[in-house]
Amino acid sequence: QELTFLSKQEILLAYKRFSELLPKEQRENACSARVPKSRILTLPELRANPFQHRICHVFSTSDDGDDSMSFEDFLDMLSVFSDSATSDIKSHYAFRIFDFDDDGTLDRKDLEKLVNCLTGQGEESRLSGAEMEQLIQNILEESDIDKDGTINMSEFQHVVSRSPDFASSFKIVL
Amino acid sequence: EVFPPEEAGAAAPVGFLQQLPSYQTALRRRNAPGAGTQGRRNRWGQLVCTTQTVRTVLSLQRLQAGSVAPGPVACCEKVFLVFSNYILILRDLQQADTKYLSGWKQWKRASNKSLKKVLNEVKELSSYLELWRHDIHSIEGKFGTGIQSYFSFLRFLVLLNFIMFILMFSFVTFPSIISKYGIFNSTFAKIPPQNTEPHCTVYTPSGNKGLIYFYTYLKDLLSGTGLLEVTSLFYGYYTIHTAWFGILSYNLPLAYLLATFAYLALSFIWIIKRSVEGFKQNLVHDEDQFQSYCNKVFAGWDFCITDPNAARLKHRSLQYELQTDLEEERLKQKIADRTVKEKLRIYSLRIFINIIVIAVLSGCFYSIYTATVFSQENSSDISNVNFQANLLVQYLPSIVITLANFIAPQIFSFLIRFEDYSPAFEIRLTLMRCVFVRLANIGVLLFSLWSQISYCSTDECKACGYNYKLYPCWETEVGQEMYKLTIFDFMIILAVTLFVDFPRKLLVTHCSCKLVQWYGLQEFRISDNVLEIIYGQTICWIGTFFSPLLPAIATIKYFIIFYIKKISLIHTCKPAARPVRVSSSNFFFLLVLLIGLVLAFVPLGISIAHIPSSKACGPFKSFNTSWEVVPDTILGFPTGLQQVLHGIASEAFAVPFFVVICLVMFYFMALAGAHKRVVEQLREQLVLESRDKLFLIRKITEAQ
């Protein structure tokens with residue numbers, strides 16, 4: 001238990017919650033079982049999260065690309081989101097979660113999808129085209145240092161290190 | 001992998017952003033031990049690492065050793081490898097750490113930890129005693145912090161009124177009652193007869209002895225006359241001058257006056273203390289000029305949210321915040337682009353609308369004045385002839401005030417659309433106008449009451465100083481008016497909830513015609529509700545001098561209102577479409593409450609110091625004004641103390657004192673102005689520095 005950011009009780013609790021997601025016959029060897037994405041998304045902590053699909057995708061080490069998670073993936077996820085993870089790790093994973101097309105940079109399309117996730121699903125909760133343009137322009141002005149129209153990992157970590165709310169909002173506690 | 005290799009092309013220009021000293025410092029500060037909860041330590045006090053970090057270390061080691069091909073490792077082997085490597089890491093860290101921790105520091109750290117633990121437990125226990133803790137917490141979870149701040153404000157008022165009641169009861173009512181009934185071997189001395197005109201001292205409250213109709217009881221309960229008039233609820237009951245408990249003497253008039261000052265001072269200090277905390281928070285939050293968009297977008301979503309309702313609220317508030325910020329930016333641009341002709345047009349329109357606002361206000365004030373005059377003149381004429389008409393006339397001022405409080409804000413929010421302000425300023429200005437209307441209405445009511453009371457045409461009346469025919473005991477009259485206002489306010493809140501909110505909910509749920517659905521459920525309008533309870537509290541403050549048990553009634557009233565509002569919120573309200581930032585701040589509520597309190601000082605000051613106290617009833621029968629009891633008591637002090645007190649009250653002391661206070665105030669204002677200028681200069685410098693940094697980075701990458 002000294003190997004993650006989680007304490008012993010937190011790991012045990014995570015194990016309990018993970019095994020609850022498995023059907024009864026697989027519960028004994030929960031260590032090596034994989035839970036499909038649809039079951040993971042029933043967790044209350046992820047249910048209301050607009051980034052739920054991205055989180056599963058980023059932390060899943062599944063070779064099939066079906067975003068299923070093993071217990072280690074689950075523990076990794078909780079460890080990164082725990083209170084005691086360093087901000088370096090958190091910002092690294094945040095970048096990967098926000099990178100919707102997995103190309104290593106946050107370009108305009110990624111930012112647009114990010115803002116739409118934030119404001120909610122549904123037509124009336126989206127920003128208008130002009131507002132979105134203005135917002136993305138402002139974001140790039142604040143964070144894009146090399147003026148290439150995208151935010152890469154270093155720029156993202158740089159801008160997030162100045163942000164006062166990041167550490168307290170990028171947190172999941174079971 | 002944790003740290004993928006940087007791509008060659010795009011990342012190289014800013015690859016050394018992480019090497020910048022400022023970035024390293026910020027990172028070190030975030031991850032430093034004791035700096036928040038980052039970097040938790042195990043029982044040896046060392047930082048713990050993630051599995052992935054260790055895994056990376058391991059895989060790198062294995063790659064270097066060339067022993068095992070990189071790939072998934074079996075569970076036990078990994079654990080063994082990890083464990084053995086971790087022992088090495090731990091040993092190094094432990095050795096490094098104990099060098100710097102002497103015995104004293106270790107003991108200090110241990111004792112700090114245990115002290116923190118004890119404090120936390122005490123805090124937890126004391127939070128169980130907090131009133132309605134669970135209710136407010138659940139409201140916050142379902143409806144957001146704006147509405148929760150309304151309910152905690154309501155709780156604060158309940159506590160404040162309760163303390164005021166305890167104060168007045170223990171120092172004024174309790175000694176009166178126990179000395180009147182001779183408990184604890186106490187006796188009392190009635191006020192010695194003064195050489196005042198005999199006609200001023202005639203006061204016969206009916207008391208309603210004998211056979212009376214049932215509805216007279218109801219009328220008395222609702223308007224404070226008859227049966228209630230002679231109880232300790234009103235000023236007229238307290239006729240004792242001194243009470244003797246054994247050898248201790250208790251000067252009741254002095255106690256009455258000092259208790260009044262005490263509750264005003266207590267409210268003042270408590271409100272200021274609470275608002276200072278809110279003010280600091282406000283000031284700090286307003287200062288996030290830098291990177292506000294990035295902060296809102298990248299760190300906007302709170303990953304702790306588990307409830308779908310809370311998630312919906314958060315989505316809405318994020319959308320609203322982003323839209324408001326963008327709109328304010330657009331508006332600033334528009335204002336900067338205005339031509340001279342447009343500016344003239346806007347300013348003249350604003351002046352015209354302000355004139356309309358003043359006209360509306362004058363209309364309200366005039367109607368309140370006439371209603372009060374009419375009510376006072378006619379309520380003493382009509383006897384029990386027509387119960388309903390009498391009650392209506394009695395309650396006429398309350399009705400007119402409530403109508404004015406309802407209509408004026410609607411007019412204001414309609415007018416402000418034409419004035420073309422930024423949204424935040426619009427909200428503030430409308431709120432300020434509504435606050436002014438509500439509090440000024442009370443002022444006009446009191447002014448009209450006083451003009452009635454002090455209206456003297458005959459010589460006999462002038463000898464008493466007040467209109468003794470209509471108001472033999474004018475303080476009780478004022479107390480009754482305040483009592484009626486409180487009761488009516490409470491009944492209106494009940495009636496609106498029962499007869500407007502619930503039927504609306506029923507209509508919307510069961511009737512599917514388009515008009516009804518478009519009208520929809522009501523939203524919980526925070527600012528209107530807050531102004532309502534501040535209005536009630538101002539009345540309570542003014543009325544407590546004339547009716548010492550009024551805080552008890554106010555406590556019960558707010559207690560019941562909490563549950564009414566909570567039920568109405570849960571069952572009939574839909575969540576706010578636009579979470580309002582400005583008016584839901586705690587600091588704003590307390591500021592308006594403070595304005596109400598300061599407004600309450602004025603009529604109380606005039607009643608205590610200027611208007612002659614009634615000679616027919618009350619503890620101040622033998623004094624000219626209520627304030628006179630204080631100089632009277634001072635005359636009984638030893639001469640040395642008297643001289644000191646006279647010196648403090650004289651001009652020779654007051655003027656220099658006032659000048660010194662002004663100097664201190666100017667000093668602090670200058671200091672604040674200087675700080676603001678320094679902050680602006682630092683900001684400008686920061687912008688220049690960041691531009692320099694970008695320039696240098698670009699130059700370096702060109703040179704590479």
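1. Let me start with Ala255(B): its relative accessible area is 12%, so with the cut-off for buried at under 20%, Ala255(B) counts as buried. Bear in mind throughout that this is a predicted model.

2. For a sense of scale, going from Ala255(B) to Ile356(B) takes 101 residues in sequence and 47 Å in space, C-alpha to C-alpha.

3. Ser152(B) belongs to another helix of chain B, α7, running over residues 145-180. Its relative accessibility is 9%, so Ser152(B) is buried too. Which residues does Ser152(B) contact, leaving aside neighbours within four places in sequence? The answer is Ile136(B) and Arg274(B).

4. Now over to chain A, where the domain assignment gives domain 1 as 8-81 and domain 2 as 87-170. The contact draws on nine residues from domain 1 of chain A and 13 residues from domain 2 of chain A. Taken over C-alpha atoms, the centres of domain 1 and domain 2 of chain A are separated by 26 Å.

5. How much area is buried between domain 1 and domain 2 of chain A? It comes to about 1,100 Å², and carbon and sulfur atoms give 71% of that. On the domain 1 side of chain A, the residues losing the most area to domain 2 are Phe51(A), Arg54(A) and Val80(A), which together make up 54% of what that side buries.

6. As for which helices do the touching, α4 (52-59) and α5 (71-81) of chain A each bring at least two residues to the domain 1 side that touches domain 2. The largest share of that side, five residues, comes from α4(A). By class, the side of domain 1 of chain A that touches domain 2 has seven nonpolar, one polar and one charged residues.

Methods: Residues are numbered from 1 along each chain as its sequence is written. Chains are lettered from A and ligands numbered from 1 in the order in which they are written. This is a predicted model: local features need pLDDT of at least 70, side-chain atom pairs count only at pLDDT 80 or more; totals for chains, interfaces and linings use all residues. Side-chain values use heavy atoms; hydrogens and water are left out. Helices (H or I, at least four residues) and strands (E, at least two) are DSSP runs, numbered from the N terminus. Buried means under 20% relative accessible area, exposed over 50%, partly exposed in between (1.4 Å probe, protein chains only). Contact means heavy atoms within 4.5 Å. Domain bounds come from an automatic or database domain assignment. Buried area is the accessible area (1.4 Å probe) that two parts lose on being put together, summed over both. Ala, Val, Leu, Ile, Met, Phe, Trp, Tyr, Cys and Pro count as nonpolar, Asp, Glu, Lys and Arg as charged, and the others, Gly among them, as polar.
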